[in-house]
Amino acid sequence: MGKMDLTRRAFLATATTSAALTTVGCATKMNTARVVPGKYSPSDKVNVAGIGVGGKGMSDIWGCRHENIVALCDVDWKRAGEAFYKFPKAKQYKDYRQMLDEMDAEIDACVISTPDHTHALAAYTAMMMGKHVYVQKPLTHTIAEARLLQETAKKTGVKTQMGNQGHCGDGVRDLCEMVWDGAIGDVKEVHIWTNRPVWPQGIPEALPAQDVPADMAWDLWIGAAPMRAYNKGYAPFNWRGWWDFGCGAIGDMACHIMDPAFWSLKLIEAKEFTVQAIYEDGMNSQTAPNASVIKYEFPARADMKPVTLYWYDGKKLPERPADIPASEQLGEGDNGSLFVGTDGYLTTGCYGADSRLLPVEKRKNYKKPAKTIERIPGEDPYRDWLRAIRKDTETASNFSYAGPLTETANLGNVALHADGKELAYNVKKMKITNNSASNQLLTKEYRKGWDILPL
């Protein structure tokens, strides 16, 4: 069976109906009959395949090491060498489509840890074949892809998890309970900052051609992106700053650091909001800027008052409030969040850890509220996902949560392309209502042969 026959088979395995993604004026075909995932007893081991197993992918597949690791796929076999060594019984592939095709009956679940531009294609194909998926953050490269994966997970019934591991931690749960208990009154502002990028950005031109390393399948690495010549400035690491492959500092860190605000302030309930890039340095059509500041305005939603959220990257930092002593650390230093309420301040670290009131005097007589949110065993996102597969429960960062979080975060990148204009976003319609040109950035074109997503 040919590689592209795999996708056709996935479609034929389900009945399809059309659903409109009105923001980009395209029709989406979704399955109504499910490719039903297998059932498991508590003693069963899950057959897991890795798609992208070098770098972060190695630690992700290692997180599933107590299961049956049956297949490993990476376009760069040198980078995948550690995973190949640690799981010698797993079959080795360079093309995930070939792997899924040949091992369909043997694979229950996939861990996907590729560059951002490949997430949606690999995850969609796997889900349509009834495979559970764990996908690294950001969930997808575009807003339309995030919406597609959210809907596909719902239609197929597979168990999903995004790799924003802090969402499984106790710290973010502590913060939510403190906010909901009124520890700092009504939250008026949130300031979120990161030291990223720690790779080159602000580069306005494509890099010169270099020889492709012998162990790398460059055409497969490019995947759905426009073809360009290989340069070590793209892969294996610095791809994140290039728009064709990554989502810049926002893509790397927002699904981590923005998560405490997104959850505690119930931003998922917002029907609309605005986003505006109020500062950028080095923005261009090839790469993300060296630094940026992005402002989000959320109206009242659920039981929460309106709130303004600021994102800072490139070592830009919020102004320290005058009533927080310089000796008291905000966040964890280079990364973190500061919640500004009508009755004080709350700060938390990169992954929601060490959530605490500021200034320290505020904590002396403060008693944390009761734990009302379920704690994840071991604060372990892999264990949480595998438990969901076995017990038919929901994971902490399943795609019904991770999809909207990714949409909200990645809209900051759309704003960076809007020349400082404020963009008004309608969540249900997935549409920017005051700038039609910006709607084109909610999706993208796919290279011929890889244009398989129903967008």
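I started with helix α9, whose buried residues are G248, A249, I250, G251, D252, M253, A254, C255, H256 and I257. That makes α9 (residues 248–257) mostly covered, with ten of its ten residues buried. For me, buried means under 20% relative accessible area, exposed means over 50%, and partly exposed lies in between (1.4 Å probe, protein chains only). Helices (H or I, at least four residues) and strands (E, at least two) are DSSP runs, numbered from the N terminus.

A note on what I'm looking at: this is a predicted model, where local features need pLDDT of at least 70, side-chain atom pairs count only at pLDDT 80 or more, and totals for chains, interfaces and linings use all residues. Residues are numbered from 1 along each chain as its sequence is written, and side-chain values use heavy atoms, with hydrogens and water left out.

Next I went after salt bridges (a side-chain nitrogen of Lys or Arg within 4 Å of a carboxyl oxygen of Asp or Glu). My search of the whole structure turned up 28.

I looked at R97 and D95, which form one with the closest N and O atoms 2.9 Å apart. R97 is buried at 9% relative accessible area, and D95 is buried at 4%.

Then I checked E407, which bridges to R147 with the closest N and O atoms 2.7 Å apart. E407 sits in helix α12 (residues 399–416) and R147 in helix α6 (residues 143–156), so this pair ties together parts 260 residues apart in sequence. E407 counts as buried at 4% relative accessibility, and R147 counts as buried at 12%.

I also found R387 bridged to E374, closest N and O atoms 3.5 Å apart. R387 counts as partly exposed at 21% relative accessibility. Salt bridges that share partners join D116, K137, R196, R240 and D252 into one network.

Last, I traced an open sheet: six strands in the order β5-β4-β3-β6-β7-β8, with parallel pairing. Strands pair if DSSP finds at least two bridges between them. β5 (91–93) and β8 (160–162) stand at the edges with a single partner strand each, so one side of each has no neighbour in the sheet.

I zoomed in on β7 (residues 132–135), which pairs with β8 in the parallel sense over three bridges. Y134 stands opposite Q161 in β8.
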